[in-house]
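Please look over the sequence and the fold shown below before reading on. The briefing that follows goes through the structure topic by topic.

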Amino acid sequence: MSENVVDLNVTPLYNKHLEAGARMVPFSGWNMPVQYTGIIEEHLHTRSRAGLFDICHMGEFFLRGSSAGEEVDRLVTCRIDDMPAGKCRYGFLLREDGGIIDDLIVFKISPEEFMLVVNSGTVEKDRKWIESHVSSGTEFSDESDRMAKLDLQGPLSAEVLSRILGRSTVESVRRYYFAGVVMEGVKVLLSRTGYTGEQGYELFFPAERAAMLWDMLSAYKEVKPVGLGARDTLRMEMGYSLYGNDIDEDRTPFEANLSKFVFMEKDFIGKEELLKRKEKGINRILTGFICEGRRSARSHFTVMCDDRAIGEVTSGAFSPCLKKGIGLCYIDKECFIEGQGILLSDGKAGIRAAVKKIPIYER
Amino acid sequence: MVPGELKYTKEHEWIKIEGDEAVLGITDHAQSELGDITFIELPEPGREIRQSENFATIESVKAASDVYAPVSGKIVAVNDSLQDTPEAMNRSPYGDGWICRISIADAGELDGLMDAGTYENYLKE
C-alpha cells in the first residue's frame with residue numbers, strides 16, 4: 001500500500017468503522033473498511049440476511065436545466081429519452097474513441113434534474129470531462145462531498161426498511177426505480193439498486209446525517225456492517241465489472257460484453273468510434289471463470305488454452321458461495337464457450353479453470 | 001497471543017522444537033493480517049527446505065502470501081487436513097492450524113530466531 005494514510009479522505013462514518021472494529025485500508029484515495037468480522041462471514045450474511053455498506057466515497061453529480069435530459073442523453077450510452085421520472089439506468093461515459101471513462105447510474109429526478117452516480121476513483125476526471133462537454137445552458141454540479149450513500153443489500157433489506165417506512169412504501173419501489181422518502185426526519189433518495197446481486201437498496205442523503213442513519217439501520221438484528229472486501233467478492237460472483245480492474249479507458253463496452261447498456265439508436269459521445277470498432281470485429285471479450293479448486297487466480301494472471309496465451313485475468317478471488325476460486329478475464333472470442341477449459345498462470349502456479357458466462361454464481 | 005514455548009521469525013512463522021524435529025506454522029498475528037484463509041499449497045513430504053526458503057503458499061480471500069522456513073530441514077509430515085479446512089489456520093494458528101513437521105538439519109540456526117518476548121516487542125514496533 002503506497003498511499004500515505006494521512007493523505008486519504010475519510011467518510012463521515014470513519015469513527016463508526018473504528019468502533020465496529022473494522023480493518024481500514026486505502027481504496028482509491030479513501031481510507032475505507034475492508035472488513036469488520038471477516039470477508040466470508042460478511043459475504044454470506046449479505047446473501048442470507050442484510051448487509052450495510054458505507055459507500056459515501058462514491059460521487060454524485062447533478063445536471064439541471066431545461067436541456068439537462070438532452071445533455072445526459074449525449075454524454076452517456078444508455079437510453080434516456082424514454083425514462084420516466086423516478087427511473088434509474090446503468091450506462092457508460094465514453095471517450096471519443098469508445099474507451100470507457102467510467103460506468104455509472106443515471107437517476108432521472110425530474111425532466112429538468114438528473115443525478116449521475118460515479119465511481120470514487122474517477123470523480124475528478126469525470127467532473128472535468130462532463131464540465132468540458134456540457135453546454136452552458138445546463139447547470140452541472142459535483143455534490144459528492146455533501147451527499148452520503150449507504151447500501152442496504154440482502155434478502156431481508158426490504159423487511160428492515162419496511163419497519164421504518166411501511167411496507168407499501170418499500171414495495172412501491174421497483175427494481176431500478178427510486179423514490180423520495182423520509183427516515184427519522186431525513187429526506188432520503190431510496191433506490192432499488194445495488195452491486196451484490198441481492199435484492200437491495202441504495203440510500204442517498206445529506207452527509208451530516210450519515211452517522212444517525214448508520215446507527216439506526218445497524219441497530220436491526222438482521223443487519224451487519226459489510227466492508228469493501230465482501231463488496232468485491234459479492235460483485236465478482238455476479239460477474240459485475242469493477243472500474244479500474246475489468247473495464248477502463250482501453251476497453252469498450254462491447255469487449256466488456258456490456259453492449260446491452262449501449263443504446264445504438266441514438267447519438268452519444270464515442271458512438272462513431274464504437275461502430276468502427278464493431279465493424280473491424282471484437283477480438284477479446286470479458287467473461288467469468290470458475291477454478292476447479294479453492295485456489296484462485298488473481299489480476300494479471302495469463303489465461304492459457306491448449307498451451308496458447310488467449311487472455312488475461314482482471315479480477316480474482318475466493319467465492320464464499322461456491323467455495324472455489326472465481327474471477328473475470330478477457331479471452332479470445334473463439335474461446336468464449338461455456339465450460340471451455342482454461343489454465344490460469346502467473347508463471348509459477350497453474351490453476352485449472354473453466355469459462356463461466358455471468359453470473360458466475362447462480363442460485 | 002504469543003505462546004511462550006515457541007520461537008518466531010520476522011515473517012511471522014512459529015517453530016516448536018521437539019527433540020530433533022520441529023513443527024511449523026504461522027502466528028496469530030499473521031492469520032489476523034491475512035483474514036479468512038481459503039487455500040494452502042503444502043510442500044511434499046520428503047522435500048528438503050533451506051532456512052528462509054519459501055516452502056508453502058497461503059491464500060486468503062483477496063491475496064496470496066508466501067511462508068518461509070524458519071530453519072533448514074526435511075519435511076517429514078504435512079497437515080493434510082488444511083486442504084479441506086484451511087480456516088483452521090485462522091481458528092487455531094498454534095494448534096490445528098499447524099502446517100508441517102520437519103527434521104532439523106542445523107540446530108544452530110535456531111539461535112537466530114526470536115523468543116516469545118522478543119517477538120511480542122517486534123509486533124509492537
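A:Lys323 sits in the loop between β16 (308–319) and β17 (324–332) of chain A, where strands (E, at least two residues) and helices (H or I, at least four residues) are DSSP runs numbered from the N terminus. This is a predicted model, in which local features need pLDDT of at least 70 and side-chain atom pairs count only at pLDDT 80 or more, while totals for chains, interfaces and linings use all residues. Residues are numbered from 1 along each chain as its sequence is written, and chains are lettered from A and ligands numbered from 1 in the order in which they are written.

**Backbone exceptions**

- Most residues other than glycine have a negative phi, and most peptide bonds are trans.
- A:Lys323 is not a glycine, yet its phi is positive, at about 55°.
- B:His12 counts as buried, with 23 C-beta neighbours inside 10 Å.
- The peptide bond that leads from A:Ile358 to A:Pro359 is cis, with omega near 0°, and A:Pro359 is found in the segment after β19 (350–356) of chain A.

**Overall build of chain A**

- Chain A contains nine helices and 19 strands.
- Its radius of gyration, taken over C-alpha atoms, is 20 Å, close to the 21 Å that the globule rule gives for 363 residues, so chain A is as compact as a globular protein of that length; the globule rule is 2.2 Å times the number of residues to the power 0.38.
- Along the principal axes, the C-alpha atoms of chain A fill a box of roughly 60 × 45 × 45 Å.
- Of the 363 residues in chain A, 46% are buried.

- The buried residues of α2(A) include A:Ile39, A:Glu42, A:His45 and A:Arg47, and what covers the buried residues includes β2 (30–35), β9 (147–153) and α8 (228–238) of chain A.
- In helix α7 (residues 210–218) of chain A, the residues A:Ala210, A:Leu213, A:Trp214 and A:Leu217 are buried.
- These residues cover an arc of only 105° around the axis, which puts them on the same side of α7(A); the arc is that of the directions from the helix axis to the C-beta atoms.

**Nonpolar cores and the contact between chains**

- The largest nonpolar core has 89 residues, and those with the most contacts inside it are A:Val76, A:Val106, A:Leu150, A:Leu152 and A:Leu203; such a core is a set of buried Ala, Val, Leu, Ile, Met, Phe, Trp, Tyr and Cys residues joined through C-beta atoms within 7 Å.
- Strand β6 (residues 100–110) of chain A gives this core its largest share, six residues.
- A second, separate core of 30 residues includes B:Trp14, B:Ile58, B:Ala69 and B:Tyr119.
- Leaving aside its neighbours within four places in sequence, A:Leu150 is in contact with residues including A:Leu52, A:Leu203 and A:Trp214, where contact means that the C-beta atoms of two residues, placed from the backbone, lie within 7 Å.
- The contact between the chains takes eight residues from chain B and 12 residues from chain A.

Key. A residue is buried if 20 or more other C-beta atoms lie within 10 Å of its own, exposed if 12 or fewer, and partly exposed in between; C-beta atoms are placed from the backbone.
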